[in-house]
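Subject: Structure handover

Hello,

Here is the structure I promised to pass on. Please open it first, then read my notes below.

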Amino acid sequence: MQKQILVLTKQLKIFISLNETLSALNYSLLNVTTIDSAHQAVNTQELTGIIIDLSCGSWPEVNELLSDARQQLRAPIIVISSEFSIAELQQCFALHVDDYVVWQEPAQELLLRLQQRLWFYEQTTETNQTVKTHEQETSATIQLGDLTIDLQHFQVLRDQLDLGLTPKEFKLLMYLIKHNGQVLAREQIMTEIWGYDELDSSRIVDIHISHLRDKIELDSKNPQIITTVRGFGYLFEDKNLKIAYKNQPRTTTD
């Protein structure tokens, strides 16, 4: 899908110059010639950037358009002027316009500035999405029967009481949950949780599983959460496992 840039100008040479270069970069240009049309596009179109020719309206009209655009969009807004004016520059930057460019042919400076601003917003959007995903994951809770696993505080609770898992026990439990329905060999667990696999090291896994069962199982002698697969290893299986993200409804993983 092409990314769309709104261009408000009555000067055909500006549109042609921009269109030739940006089309080659997989951008489509939406050209309008009036302030009203620009307002409509800002409020109805999915835009990647905006270029506004200050000669298309009076300053109050342009001011209103810039304010509207800044409120509606998280995208670069660049204004072009026929000549430099410190007053225009101050007014535009006060409205949080991204750049102010004096038009001259060829449009190399405008294009370079636009490309830089587009790159910046794309990088910022990717970073914000990564942070949002991380925050969402770390603010999740896993509901496991009457157990609540708090991923943000690394706690396992039953009836609101912390069961006191050690960091290693918590990591071990999460590794088993991550592999829901999969039988895991002792050596496999050892390598993942402790980072090595040596002769007789599987005994360490057995000891930690035993301690973990003592804390999370209602009857550690008859475990229901972590079961032993004789001759191989351990199995965690819960087809009704629920993960609830902060401010979101719970979802069930099959």
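Phe120 is partly exposed in this predicted model. Its relative accessible area is 44%. Tyr121 is buried, at 10%. The two residues form an aromatic pair.

Phe84 and Tyr100 make another one to look at. Their centres are 5.9 Å apart and their planes stand at 80°, so this pair is edge-to-face. Phe84 sits in the loop between strand 4 (77-81) and helix 4 (86-94). Tyr100 belongs to strand 5 (residues 99-102). The pair therefore ties together parts that are 16 residues apart in sequence.

Is Phe84 buried or exposed? Phe84 is exposed, with a relative accessible area of 52%. The cut-off for exposed is over 50%. Tyr100 is buried, with a relative accessible area of 7%.

Next, helix 8. It covers residues 202-216, which is 15 residues. From first C-alpha to last, helix 8 reaches 21 Å. That is close to the 21 Å expected at 1.5 Å a residue.

Which residues of helix 8 are buried? They are Val205, Asp206, Ile209, Leu212, Arg213 and Ile216.

What do the buried residues of helix 8 pack against? The list has both strands and helices:

- strand 7 (147-150) and strand 8 (155-158)
- helix 6 (167-178) and helix 7 (186-194)
- strand 11 (226-229) and strand 12 (233-236)

Last, the chain as a whole. It has 254 residues, and 42% of them count as buried. There are eight helices and 14 strands. Take the contacts with a separation of 6 or more: 54% of them join residues 24 or more positions apart. The accessible surface of the chain comes to about 14,900 Å². Carbon and sulfur atoms account for 49% of that surface.

Best wishes

Note on methods: Residues numbered from 1 in each chain as written. Predicted model: local features only at pLDDT ≥ 70, side-chain atom pairs only at ≥ 80, totals over all residues. Heavy atoms only, no water. Helix = DSSP H or I, 4+ residues; strand = E, 2+ residues; numbered from the N terminus. Expected span 1.5 Å × (residues − 1). Buried < 20%, exposed > 50% of the residue type's maximum accessible area, 1.4 Å probe, protein only. Contact = heavy atoms within 4.5 Å. Areas by Shrake-Rupley, 256 points an atom, 1.4 Å probe, with all protein chains shown as cover. Phe/Tyr/Trp six-rings, centres within 6.5 Å; stacked < 30°, edge-to-face > 60°.
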